[in-house]
Number of protein chains: 2
Amino acid sequence: MPGTLIENKDTLRNIPLFSELSIEQLRKISSFSKLKSFEKRDRIFNEDECYLGFYILLKGSVKVFKLSRSGKESVLHIIRPLTAFADIPLFEGGNYPVSAEALEESLTLFIPKEKFLELIYTEPDVSLKMLAGFAKRLKSIINQLEDISSKEVPNRLAKYLLKEVKTAGTENLPEPFVKLTIPKSTIAAYIGTITETLSRSFKKLQDEGIIRVNGKKIFVKDLKGLKELAK
Amino acid sequence: MPGTLIENKDTLRNIPLFSELSIEQLRKISSFSKLKSFEKRDRIFNEDECYLGFYILLKGSVKVFKLSRSGKESVLHIIRPLTAFADIPLFEGGNYPVSAEALEESLTLFIPKEKFLELIYTEPDVSLKMLAGFAKRLKSIINQLEDISSKEVPNRLAKYLLKEVKTAGTENLPEPFVKLTIPKSTIAAYIGTITETLSRSFKKLQDEGIIRVNGKKIFVKDLKGLKELAK
DNA sequence: TCATAAAACTGACTTAAGTCAAGGAAATCC
DNA sequence: GGATTTCCTTGACTTAAGTCAGTTTTATGA
């Protein structure tokens with residue numbers, strides 16, 4: 001099926017991790033990697049499963065999470081297109097340290113471990129790109145850690161909404177907004193709380209006149225106030 | 001001063017990051033890096049300062065932390081000898097994203113950014129080592145994040161003590177123990193709480209017959225129980 | 001389009017852990 | 001070796017956020 005191959009190649013170009021590679025290198029990668037698609041709620045892999053390789057999300061969204069023994073879920077990342085995930089064990093050995101689940105219909109590129117490690121040995125550029133990617137991720141997780149231990153839920157929610165508004169690109173509208181595409185339970189687990197508390201926090205931000213809620217759409221009435229809460 | 005140079009070279013050998021390098025490469029590194037020593041409570045660098053390079057701890061211990069606007073401290077890492085710190089911004093640009101302070105008299109090797117990046121371009125092995133280091137760190141921070149949002153303080157303390165007992169190497173004694181070398185306030189900020197709550201948690205573990213406290217020494221009376229609490 | 005299930009909300013209650021204030025123990029310094 | 005500072009502990013109180021239980025709203029699929 002040459003269509004998929006071309007699609008791979010075209011898309012590979014846009015993946016930060018691969019952006020500087022030559023056509024031949026991209027062709028090589030697409031030769032040993034595989035497209036895998038998932039329905040909403042499908043598991044992509046489970047914690048402790050044998051590690052086979054990593055994924056790049058092409059379409060849709062994915063949550064990366066851990067379950068505690070009591071069954072409580074911590075969402076570590078919400079993956080958006082063109083981002084790699086489950087790449088850490090490449091260099092660590094061991095099984096998958098987390099689980100991943102599609103939040104909507106999603107398309108991924110699966111890149112098997114061995115083949116990719118071979119490539120990286122011959123291609124120092126890729127490892128530098130990966131280092132940059134890891135560095136970014138470390139920074140973001142450190143941020144999350146700091147937030148969770150020093151801020152209250154409404155502040156964390158404000159920060160989350162702010163980030164979403166930025167990625168939605170509506171920040172400069174008179175009334176910025178986001179459409180929540182992932183369930184509130186996932187947002188709750190991501191900002192380190194539970195749905196009930198999240199619900200109350202939404203209400204609090206509303207009562208303070210900072211946001212306005214209309215179904216799944218959140219309108220920001222007071223961007224300054226939201227920023228103030230977030231920092 | 002040839003003594004320091006030799007000391008560098010000998011020590012570089014033992015640093016995981018450099019363990020696989022040739023003598024010439026080690027010599028090169030030691031030629032452009034500098035020993036820096038710090039007294040207890042000395043700042044090594046501050047958040048937002050211009051990034052000049054990273055450090056490897058040779059002797060002593062260092063806390064890497066962030067201060068929230070309200071002045072609350074989150075301790076992200078407690079660095080022990082032969083570990084690199086502040087290496088993330090090498091690949092990320094920007095200033096120091098955290099602060100670092102010596103917890104006791106400490107000796108570090110300072111490695112300037114530009115020179116090291118040059119080395120890494122010519123030496124793919126080093127970047128693979130760094131990738132492994134980052135991967136390990138990511139895993140540990142993810143663990144911290146999960147703990148902090150799913151476990152209570154006494155559980156987190158149990159986990160901390162368990163790790164300390166392991167690194168102290170007393171795990172297999174009839175009564176394993178650790179000597180706390182860092183202030184309780186730092187332990188508290190590391191496990192995401194405050195000194196008062198930490199103090200009460202120590203008491204709780206004592207009342208439950210799991211540990212026995214003698215000054216700065218903590219004896220583990222019930223290792224099984226401690227492990228149970230920690231997981 | 002209705003029926004069933006999933007997701008989100010609300011109120012009453014409980015609890016872990018933070019705040020404030022004070023006292024005691026240890027380390028550190030002339 | 002006493003004094004000062006730093007560190008640690010304790011008690012009384014407050015509060016943010018979790019639990020539980022019930023209801024409403026929104027999706028989803030026959």
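In this predicted model, 16 residues lie around DNA strand D, and those that come nearest are Glu152(A), Thr197(A), Pro183(B), Lys184(B) and Ser199(B). The elements that give two or more residues to the surface near DNA strand D are H7 of chain A and, from chain B, H7 together with helix H6, which spans residues 184–190. Of these elements, H7(B) gives the most to the surface near DNA strand D, with five residues. When the residues of this surface near DNA strand D are divided by class, six are charged, six are polar and four are nonpolar.

Around DNA strand C there are likewise 16 residues, of which Lys184(A), Ser199(A), Glu152(B), Thr193(B) and Thr197(B) come nearest. Two or more residues of the surface near DNA strand C are given by each of helix H6 (184–190) and helix H7 (195–207) of chain A, and also by helix H7 (195–207) of chain B. Here H7(A) gives the most, with five residues, and the surface near DNA strand C consists of four nonpolar, six polar and six charged residues.

Where the chains meet, 33 residues of chain B are in contact with 32 residues of chain A. On the side of chain B that touches chain A, the elements that give two or more residues are strand E5 (73–79) and H4 of chain B, and the largest share, 20 residues, comes from H4(B). By class, this side of chain B has 17 nonpolar, nine charged and seven polar residues. Of the interface residues of chain B, 97% are also interface residues in chain A, so the copies meet through the same surface.

Within the pairing of the chains, helix H4 of chain A and helix H4 of chain B, each comprising residues 124–150, have axes that come within 9 Å and cross at roughly 20°. Because angles under 35 degrees count as roughly parallel, H4(A) and H4(B) are therefore roughly parallel to each other. The crossing of H4(A) and H4(B) is left-handed, and the residues of the contact between these two helices divide into 20 nonpolar, six polar and two charged.

Conventions:
Residues numbered from 1 in each chain as written. Chains lettered and ligands numbered in written order. Predicted model: local features only at pLDDT ≥ 70, side-chain atom pairs only at ≥ 80, totals over all residues. Near = placed C-beta within 6 Å. Helix = DSSP H or I, 4+ residues; strand = E, 2+ residues; numbered from the N terminus. Nonpolar A, V, L, I, M, F, W, Y, C, P; charged D, E, K, R; others polar. Axes fitted to C-alpha atoms, helices over the stretch in contact; angles between N-to-C directions. Parallel < 35°, antiparallel > 145°, perpendicular 65-115°, else oblique. Left-handed = near helix turned anticlockwise from the far one by under 90°. Contact = placed C-beta atoms within 7 Å.
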